[in-house]
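Work through the exercises below with the chain on your screen. Try each task before reading its solution.

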Amino acid sequence: MQHPPLSELQKAILDRYQQSLPASLTPFADMATALNCSETDVINALNQLLEYGVVKRFGPVFDHQRAGASTLVAMAVDAHKLEEEALRLNAFAGLNHNYEREHQYNLWFVLTASSEQQLQLKLQEICACHPWPVLILPMEQSYHINLGFPLQWTGSQHESATQH
């Protein structure tokens, strides 16, 4: 999708907050203070980035093993039902993303819950509603992959505010 050029505020938000958000009750107000603008300006800029498809999600990433329980799940879904099934799965609370893989087990997702018992109940509910073969793949070891990177803006006077 073609979108208007990003504003200097949008660029600053992308640069500065791709790896950390203020851990407070007022993160957008805190961002606004740091960026010398209003909270409304920050929220509007973020909404436009989401609308433009520049970002798909804006929010924190939690260590689910410390905050509760989680597992990776793979389903073997008929190829012609894959998109429909992915959309149906999105309705489940605790399912934070799903994606297609080129494999017999072609629909993968991460499921989270407040406890191992709650996680098992959610898995039972999903399996009861979705008639596909399922693999439950609990995490054996945690890895942190840093996906942040410096952004380079062409034709802009913007200086990166990325924190390292």
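**Exercise 1.** Which strands does helix H5 lie across, and at about what angle does it run to S3?

Solution. Start with the ground rules. This is a predicted model, where local features need pLDDT of at least 70, side-chain atom pairs count only at pLDDT 80 or more, and totals for chains, interfaces and linings use all residues. Residues are numbered from 1 along each chain as its sequence is written, and side-chain values use heavy atoms, with hydrogens and water left out.

Now find helix H5 at residues 82–89. Helices (H or I, at least four residues) and strands (E, at least two) are DSSP runs, numbered from the N terminus. Helix H5 lies across strand S1 (69–75), S2 and S3. Its direction runs at about 5° to S3. Axes are lines fitted to C-alpha atoms, for helices over the stretch in contact (heavy atoms within 4.5 Å). Angles run from 0 to 180 degrees between N-to-C directions.

Next, take helix H6, residues 116–129. Helix H6 packs on the sheet and touches S1, S3 and S4. Its direction makes about 140° with that of S3.

**Exercise 2.** Give the strand order of the sheet and name the edge strands.

Solution. Recall that strands of a sheet pair through backbone hydrogen bonds, either parallel or antiparallel. Two strands count as paired if DSSP finds at least two bridges between them.

- The order is S2-S3-S1-S4, an open sheet of 4 strands with antiparallel pairing.
- Strand S2 (95–100) and strand S4 (134–137) are the edges, since each pairs on one side only.
- Neighbouring strands of this sheet are turned by 20° against each other on average, direction ignored.
- S2 and strand S3 (residues 107–113) pair in the antiparallel sense over 5 bridges.
- Tyr-99 has Trp-108 in S3 as its bridge partner.

**Exercise 3.** How many disulfides does the chain have?

Solution. A disulfide here is a pair of cysteine sulfur atoms within 2.5 Å. The count is 0. Check Cys-127: its closest cysteine sulfur, in Cys-129, is 9.4 Å away, so the distance is too far for a bond.

Then classify by accessibility. Buried means under 20% relative accessible area, exposed over 50%, partly exposed in between (1.4 Å probe, protein chains only). Cys-127 has 36%, so this residue is partly exposed. Cys-37 has 24% and is also partly exposed.
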